[in-house]
There are 2 protein chains.
Amino acid sequence: MQAVVITIGDEILNGTTVDTNSAFLGKELALLGIQLREKVSISDTDHHIRGSLHRYMGHTDLIIMTGGLGPTLDDKTKQTLCSYFNTELVFNATVFKFIENRFAQRGLKMTERNRQQAFLPATCTVVPNTMGTASGMWFERDGTVLVSLPGVPYEMKHIYRSELVERFRKHFALPVIENYYIMTSGIGESWLADQIEEIETSLPLDVRLAYLPSPGIVKLRLTGRGNEQKKVAMRVSVWAQQIELRLGSHVFANENISLQEAVGRRLLALQATLSLAESCTGGNIGRLITQIPGSSAYFLGSVISYDNSVKERLLGVDPDILSTHGAVSEETVAAMLDGVLDLIGTDY
Amino acid sequence: MQAVVITIGDEILNGTTVDTNSAFLGKELALLGIQLREKVSISDTDHHIRGSLHRYMGHTDLIIMTGGLGPTLDDKTKQTLCSYFNTELVFNATVFKFIENRFAQRGLKMTERNRQQAFLPATCTVVPNTMGTASGMWFERDGTVLVSLPGVPYEMKHIYRSELVERFRKHFALPVIENYYIMTSGIGESWLADQIEEIETSLPLDVRLAYLPSPGIVKLRLTGRGNEQKKVAMRVSVWAQQIELRLGSHVFANENISLQEAVGRRLLALQATLSLAESCTGGNIGRLITQIPGSSAYFLGSVISYDNSVKERLLGVDPDILSTHGAVSEETVAAMLDGVLDLIGTDY
């Protein structure tokens, strides 16, 4: 199973937009066992779109195209697809109704341009887009499936997850895949690997383990394959629990969430409050904590004591501690912590 | 003038790495007046590299390839280029000396793999890389220039800026281009455009103005073209000064720097200190300020008063102000400011 991703748009070529769509698709397709063979970014012109179709149709199992489906004049993809597949745009009442409702709900007037979004190629299967007005389109020819999707990342991702994964699985008879994430912190990748080596080498062939490290965090992903959803999920979770048991308190979550999200959930469960004393991080931890929706329920505030004078005066850190142990020391951190808990009066 | 960028590496295709190299190149090439026609990411195999060379050589003015030049076995580009251009790897004493020095300076031992990096295709022009061990290579055939660069972004960018811009200019007889940046804040794009409309419409054909908006900031870029560096620079700066004069205090810098960098420079010049009181930004402003090297010379610290209780108790904001005007109000901001200046004792 091989795929090609084609992203359309001058803003990608001239560097105004960094193409994150194709990275998303590369990752997601790999999870389904579909290998991305090539990805290409082209200009939104009839000539370039036709050229790329000519190059890949019949030579790969799947082509995903993103972009060029907007209602404006510079979006050429729909017309080009019609001419390439020898078909014409026809009015789609379901899509029209959806767009009409969308505008009505927002109290906006539909223009002729918006109405055009309900005209779709006669021979394609429409892939619904519940997040916008540009529908996805599914074509088949010469043994290749071509899916055209809007370029707006959240629309594209939503259509991919809600519609395409299942359609790909059926069409290409792909195995069921279940992922289980184990989030760890405070333990380096190689040390972690040593800890679970024995479990890793015992894994059956249909359960695979991936290490996904990022600064301060190592994410483990267990991927199981099989035919029955329930059995695969059960199989993966049995192995995951073994790993969790071995890693103990280094595991901060067993789903794909960030450390700040896990901290937030724990605090909400405990009905506890949080304050922070930061130094060289300059406010970054507060930024991460407050990025989580609902963080105002537990996060009260912080003192950023970048300079030692602030550590001393606001947080009451003993100048002797600073001069004996230095600003970056366990002793200073403990004193900063005492200071901020005292000052803001939170549980943590 | 048209170019194609080819990025090589499985990590780009499977989504582990978001390809930012090609966005950088698209932007930089556009500044030189070279249009990026297509960009493609391929796997690091002989087959795919040859296929892409076959597709584009002789059909575009310039191809820039990035990646696949590391010393490990999975990096195939150099071998493939040798066979494609009917040449062989020869020892390059200059490159060898550079690599040897690099290892000596770091007190590291050179391995056979590192030594291999000094073997380069006989028919290419070596493009020096002073940031790493993989040299750039310049080939010409069928009216196309092919430049192969390492994929590590800071090495690639450095080679591009320090070596390639000048070589491209000479080889393709490109005009001299001078950019002048005017950084503005506190003024929206359309309002700004109204203010300078008269100047914009009077611009000569060889001086162009671009609006580059980002949250809170509108960057203006004036680009001049011509044959003589000095004349072009002078011409652009005359027009830039007109715009700066019109925009007055909305201009925070006349070079391409961030707001936090401009603030830092001003504070250093004034030998003044800074503290912050943040609320819903959660520490983000402190994070941005402390990202600037040397910020410890002026930034002492902040109080993040996410919760109103912290605004009242630490910053001494009158509860009446909060209940009358709300937490997000000019009055509350003024009181928070008084509080933090008092508490941390900075000039600003």
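Strand β9 of chain B (residues 176–185) is mostly covered, with eight of its ten residues buried; buried here means under 20% relative accessible area, exposed means over 50%, and partly exposed is in between (1.4 Å probe, protein chains only). Helices (H or I, at least four residues) and strands (E, at least two) are DSSP runs, numbered from the N terminus. This is a predicted model, in which local features need pLDDT of at least 70 and side-chain atom pairs count only at pLDDT 80 or more, while totals for chains, interfaces and linings use all residues. Residues are numbered from 1 along each chain as its sequence is written, chains are lettered from A and ligands numbered from 1 in the order in which they are written, and side-chain values use heavy atoms, with hydrogens and water left out.

As for partners, β9(B) pairs with strand β11 of chain B (residues 217–226) in the antiparallel sense, over ten bridges; two strands pair if DSSP finds at least two bridges between them. In β11(B), Arg221(B) sits opposite Tyr181(B). β9(B) also runs antiparallel to strand β12 of chain B (residues 251–253), joined by two bridges. There, Val251(B) is the bridge partner of Thr184(B).

Helix α4 of chain B (residues 77–84) is mostly covered too, with six of its eight residues buried. The buried ones are Thr77(B), Lys78(B), Thr80(B), Leu81(B), Cys82(B) and Tyr84(B). Just after α4(B) comes Asn86(B), with a positive phi of about 50 degrees.

Over in chain A, Lys39(A) belongs to strand β2 (residues 35–42). Lys39(A) is buried but has no salt bridge, and the nearest side chain of opposite charge, Asp19(A), is 4.7 Å away. Lys and Arg count as positive and Asp and Glu as negative, with His and the chain ends not counted; a salt bridge takes a side-chain nitrogen of Lys or Arg within 4 Å of a carboxyl oxygen of Asp or Glu. Apart from neighbours within four places in sequence, the contacts of Lys39(A) (heavy atoms within 4.5 Å) include Val5(A), Ala23(A), Ile12(B) and Lys39(B).

Ser190(A) lies in helix α8 of chain A (residues 189–195) and is exposed, because its relative accessible area is 57%. Ser190(A) and Ala334(A) are 144 residues apart in sequence and 29 Å apart in space, C-alpha to C-alpha.
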